[in-house]
Amino acid sequence: MANTLRLYLTCIRNTLEAAMCLQNFPCQEVERHNKPEVELKTSTELLLNPVLICRNEAEKCLIETSINSLRISLKVKQADELENILTKKFLRFLSMRAEAFQVLRRKPVQGYDISFLITNYHCEEMQKHKLIDFIVQFMEDIDKEISELKLSVNTRGRLVATEFLKQFI
Amino acid sequence: MAGHEEADNAEAIITRIEHKSRKIESLLKQYKPVEALKTALEGSPPKTRDERCKSANWIVVHRAIMAIKDVDGMFSSLDPEYYDILMKYLYRGLSTGDRPTCDQCLRIHEKLTERAGLGCILRSLADTVNTV
């Protein structure tokens, strides 16, 4: 179980290291504009093959690269309804504060839980291997956070129910 | 004109793939998974747009990949010229989402990256002409 997680993260790390070769590329259609090509997808010659890495039926990671930008979309494992709700709320909370994260995308790509958009400007300001470390660390921590949240919700629910039902004893 | 040629080629390619799959079944019965993988990767149809050919070849390669038990041993006998095409098929395997396939592909991917380096990954990402 832990082994597949390690392999999954290694695979993603290697793919990101290879795919994060971004350079500045001004927009070809509009003068003086500089847009992340992976979002627009107007010119096919600027895009690389998108890669989908699945760990199992529930967890997957889509990596799309272009000449000046890279988009990583993650689908996090959600075992039951409660985890579903917790994941959605938690990741929405993070996405709304995307400004603070810089590389986070405000809305996840259709079919995924959270998306990152890394542009050549990010690669110039920040170190490439640190960005990759961040993404991989994020993936590890998300699972831990969701389990912790689930545990605390269940504990609190149990405490509240016990207290409430005491009055009926 | 090119369309007709493609169609003929597609039929020819699919027949070749069927021959290949029979050969691979016999190789697997003789416990030679590495040979089977080499055969599967060899005749990969290049530059064909036909999805059926690609799917047919993928099924054959998938069979060979799942039969591999000893990954390190496989790399010691696999020639480097097959690394790139194997990487492309690994990514196709990873996109299926089927648990045993993904497990096996992740295992092979790690070892293949150690062997072939990041260039192999980048070539599979950048090659939009010969896709699997």
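Student: What volume does the largest cavity have?

Tutor: This is a predicted model, in which local features need pLDDT of at least 70, side-chain atom pairs count only at pLDDT 80 or more, and totals for chains, interfaces and linings use all residues. Side-chain values use heavy atoms, with hydrogens and water left out. A cavity is a set of points, on a 1 Å grid over the protein atoms alone, where a 1.4 Å probe fits but cannot get out; its volume is the space filled by probe spheres set on the points, which are joined across faces, edges and corners. For the largest cavity the volume is about 100 Å³.

Student: Which elements of chain A each supply at least two residues of its lining?

Tutor: Lining residues have an atom within 4 Å of a point. Among them are A:Leu5, A:Tyr8, A:Leu74, A:Lys75, A:Met139 and A:Ile142. Helices (H or I, at least four residues) and strands (E, at least two) are DSSP runs, numbered from the N terminus. The elements are α1, β3 (69-75) and α6.

Student: Are α1(A) and α6(A) roughly parallel or roughly antiparallel to each other?

Tutor: The axes, lines fitted to C-alpha atoms over the stretch in contact, form angles from 0 to 180 degrees between N-to-C directions. Those of α1 (residues 2-19) and α6 (residues 128-166) of chain A come within 10 Å and cross at roughly 155 degrees. Angles under 35 degrees count as roughly parallel, over 145 as roughly antiparallel, 65 to 115 as roughly perpendicular and the rest as oblique. The two helices are therefore roughly antiparallel.

Technical notes: Residues are numbered from 1 along each chain as its sequence is written. Chains are lettered from A and ligands numbered from 1 in the order in which they are written. On a 1 Å grid over the protein atoms alone, a cavity is a set of points where a 1.4 Å probe fits but cannot get out, and a pocket is an open set with protein on both sides within 12 Å along at least five of seven lines; lining residues have an atom within 4 Å of a point.
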